[in-house]
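This note is written for a colleague who is new to the structure shown below. The numbered points may be read alongside the sequence and the model.

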Amino acid sequence: GLSQTAGVAEKRSAGGEAGHGCNHNLLGAGALAAAFAVKDFLQRTGAPGTVIFFGCPGEEGGAGKAFLARDHVWERLDAAVTWHPSDVNEVASGTCVSCIQKEFHFHGVASHASGTPHLGRSALDAVELMNIGVQFLREHMPTTARIHYAITDAGGKSPNVVQPEAKVLYMVRDVQVAQAIALQKRVDQIAKAAAMMTETTVTEQFIDGTANTVPNAVLEKVAYDNFEALGVVKHSDEEMQLAQAYVDSYEAKSDRVPGFASAESPEIAAYVKKMTDNGKLPINDFLMPLHHSMKSGAGSTDVGDVSWQTPTVQVHTACWPSGAPGHSWQNVSCGATSIAEKSMLQAGKVMAGTVIDLLTKPDVLGAAKAEFKEAAAAGYTCPIPPDAVPVAIED
């Protein structure tokens, strides 16, 4: 539902349904730019090493990287370098929450809701009872956990029919993937209980699962040094005006100070306020200070699964205006402009420089590996069941 005409600061459908609310249209191109640059370096210098570009279909919403992690793909790497669009230029740190998605399909018996209600077994009743059960579960789960749901199929449009089919999609989150798996088992039990109460049956469809990220301070410093040396992109007056128009279109203005580190460091927050003129800057065209963290953010990513199998680092570049709402038409619109394209290429340069440093400085790579070995000593718990296969969630 985020179809949006590119480059206009008003909500205007492009005639389709989908839209890249997180600018994932840029991810592969930016990473490919980095891979080409490293390949060119290796060919020109004759330096030993191999660069691999991984295409990751179904990332995040399909957990593409987690499926690859289940098959031990990332263990073959010395390190992994990636990026993500943002409203700031920074080297990411900290961890994220693990996430499991599962769809529950209840099967009942159709019947005339007035004439023969006693013959019906409502799948929709089962969905509603499951939701109520999960609501009561919320009081008895860790404060780090989150549970979200969406009724994807209510069974029909006529209230005069006992609904024989209904579906609900659940998303279970917690910081550690093992905790999310344990909480998911409790949700599964509630689904079975709802089916028992309504004399329906339930089938489960595993959708995806992702682990929390393992930060690596050594790699973060390498990436930051490259980012600092390259600098951030410069914007024209026209680009700044367009960015300001996007900012003016926000229905609600956030008082969040940009950058993940601002919430953890008063000194960094003060620096950012100064650099943005107390939040008035439409594009955050400066580099956030380096800040290593072990704290968890609210989002989830299948980069986490990679980081459990090899030292991993991620950079962010300012591809959309400051404070743009997540998954918004503003992000979609800006994601196909020169603002986003410049930052995408800058991300590619930062990643390429980071990889070249790791190829040419074995002591630095060794330090990153040593840190990873200690940080990931608990071992990777894969959220993907052995028999699960990638699936598409139907609209």
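## Notes on strands, salt bridges and surface

1. In strand E7, the bridge partner of Ser98 is Asp174. The model under discussion is a predicted one. Strand E3, residues 98-107, is joined to strand E7, residues 165-174, by 10 bridges, and the two run antiparallel.

2. E3 also pairs with strand E8, residues 201-210, through nine bridges, again in an antiparallel arrangement. Within this pairing, Glu103 has Gln205 of E8 as its bridge partner.

3. A salt bridge connects Lys102 with Glu204, with 3.3 Å between the closest N and O atoms. This pair links distant parts of the chain, since Lys102 belongs to strand E3 and Glu204 to strand E8, 102 residues apart. Lys102 has a relative accessible area of 10% and is therefore buried, the cut-off being under 20%. Glu204, at 38% relative accessibility, counts as partly exposed. Together with Asp188, Lys102 and Glu204 form a network of salt bridges.

4. How many salt bridges does the structure hold? There are 12. One of them, besides the pair described above, brings together the side chains of Glu199 and Arg121 at 3.6 Å, N to O. Here too the pair links distant parts of the chain: Glu199 sits in the loop between helix H4 (177-198) and E8, while Arg121 sits in the loop between strand E4 (111-112) and H3, and 78 residues separate them. Glu199 is exposed, with 59% relative accessibility, whereas Arg121 is partly exposed at 25%.

5. A further salt bridge joins the side chains of Arg44 and Asp40, at 2.7 Å from N to O. Both residues lie in helix H1 (residues 27-45), four residues apart, which is about one turn of the helix. Arg44 has a relative accessible area of 61% and is exposed; Asp40, at 35%, is partly exposed.

6. A three-stranded open sheet has the order E1-E9-E2, with mixed pairing. Its edge strands are E1 (80-86) and E2 (90-91), each of which pairs on one side only. E2 is joined to strand E9 (residues 312-318) by two bridges, and these strands run antiparallel. Glu90 stands opposite His316 in E9. Helix H5 (residues 217-230) packs on this sheet and touches E2 and E9, its direction making about 35° with that of E9.

7. Which residues make the nonpolar surface patch? Leu129, Ile132, Phe136 and Met197 do, and the patch covers about 420 Å². Helix H3 (residues 123-137) supplies the largest share of the patch, with three residues. Phe136 lies in this helix. Its relative accessibility is 61%, and Phe136 therefore counts as exposed, the cut-off being over 50%.

How values were computed: Residues are numbered from 1 along each chain as its sequence is written. This is a predicted model: local features need pLDDT of at least 70, side-chain atom pairs count only at pLDDT 80 or more; totals for chains, interfaces and linings use all residues. Side-chain values use heavy atoms; hydrogens and water are left out. Patches are made of residues with over 30% relative accessible area and no salt bridge: like charges are joined within 9 Å, nonpolar side chains (Val, Leu, Ile, Met, Phe, Trp, Tyr) within 5 Å. Accessible areas come from the Shrake-Rupley method with a 1.4 Å probe; for residues, only the protein chains shown count as cover. A salt bridge is a side-chain nitrogen of Lys or Arg within 4 Å of a carboxyl oxygen of Asp or Glu. Buried means under 20% relative accessible area, exposed over 50%, partly exposed in between (1.4 Å probe, protein chains only). Two strands pair if DSSP finds at least two bridges between them. Contact means heavy atoms within 4.5 Å. Axes are lines fitted to C-alpha atoms, for helices over the stretch in contact, and angles run from 0 to 180 degrees between N-to-C directions.
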